Amino acid sequence: MIVSNAKVHDKKKMEELMTEKNCIYVLDKAYVDYKKFDKFTSDEKYFITRLKDNAIVQEVETLDITYSQIKLLDEGASIVYDKVVYLGTEYINKTKEK
């Protein structure tokens with residue numbers, strides 16, 4: 001936990017919170033920042049996030065959906081797809097990392 005005054009946006013504290021490599025961070029879509037996503041990926045810091053409604057996604061690969069013997073999802077919830085993508089466009093903040 002990082003305590004700050006209300007003037008500091010949470011997104012500015014992401015790097016202080018995401019310190020461990022080779023683990024997966026779960027982020028809300030308020031934290032979407034393509035440049036930081038590139039940095040995190042190149043630093044071996046992985047993440048899952050919901051994208052904003054207007055996100056531009058360039059699909060690279062569709063992965064098979066695999067399931068664990070341990071129940072991880074709520075009843076009735078399902079994974080729609082698992083994809084490797086680039087975010088943005090070549091004119092607007094396209095990610096360098098997949």
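Colleague: Which residue forms a salt bridge with D43?

Modeller: A salt bridge is a side-chain nitrogen of Lys or Arg within 4 Å of a carboxyl oxygen of Asp or Glu. For D43, the closest N and O atoms of the pair are 2.9 Å apart.

Colleague: In what order do the elements of the protein chain run from the N terminus on?

Modeller: Helices (H or I, at least four residues) and strands (E, at least two) are DSSP runs, numbered from the N terminus. The protein chain has two helices and four strands. From the N terminus on, the order of these elements is α-β-α-β-β-β.

Colleague: How many residues apart in sequence are the parts that E59 and K83 tie together?

Modeller: The side chains of E59 and K83 meet in a salt bridge, 3.0 Å from N to O. E59 lies in strand 3 (residues 57-63) and K83 in strand 4 (residues 82-87), so the pair ties together two parts of the chain. E59 is partly exposed at 42% relative accessible area, and K83 is partly exposed at 33%. In sequence, the parts tied together by E59 and K83 are apart by 24 residues.

Colleague: Is E75 buried or exposed?

Modeller: E75 and K71 form a salt bridge through their side chains, 3.1 Å from N to O. K71 counts as exposed at 59% relative accessibility. With a relative accessibility of 72%, E75 counts as exposed.

Colleague: Which side chain of opposite charge is nearest to D38?

Modeller: D38 is found in helix 2 (residues 34-42). Contact means heavy atoms within 4.5 Å, and, leaving aside neighbours within four places in sequence, D38 is in contact with K94, T95, K96 and E97. For charge, Lys and Arg count as positive and Asp and Glu as negative, while His and the chain ends are not counted. D38 is buried yet has no salt bridge; at 5.0 Å away, the nearest side chain of opposite charge is K96.

Colleague: How far apart are the mean positions of the positive and negative charges of the protein chain?

Modeller: The place of a charge is taken as NZ of Lys, CZ of Arg, CG of Asp or CD of Glu. The protein chain has 17 positive and 18 negative charges, and the distance between their mean positions is 7 Å.

Colleague: What is the phi of N22, about?

Modeller: Most residues other than glycine have a negative phi, and most peptide bonds are trans. N22 is found in the loop between helix 1 and strand 1 (24-27), and it counts as exposed at 56% relative accessibility. N22 is not a glycine, yet its phi is positive, at about 55 degrees.

Colleague: Which loop holds E44?

Modeller: E44 is a residue other than glycine with a positive phi, near 60 degrees. E44 is partly exposed, with a relative accessible area of 34%. The loop that holds E44 lies between helix 2 and strand 2 (46-49).

Colleague: In which element of the protein chain is confidence highest?

Modeller: The mean pLDDT of the protein chain is 86, and 98% of its residues reach 70 or more. Where pLDDT is low, the predicted coordinates should not be read in detail. Confidence is lowest in helix 1 (residues 14-17), at a mean of 82. At 95, confidence is highest in strand 3.

Notes: Residues numbered from 1 in each chain as written. Predicted model: local features only at pLDDT ≥ 70, side-chain atom pairs only at ≥ 80, totals over all residues. Heavy atoms only, no water. Buried < 20%, exposed > 50% of the residue type's maximum accessible area, 1.4 Å probe, protein only. pLDDT = per-residue confidence, 0-100.
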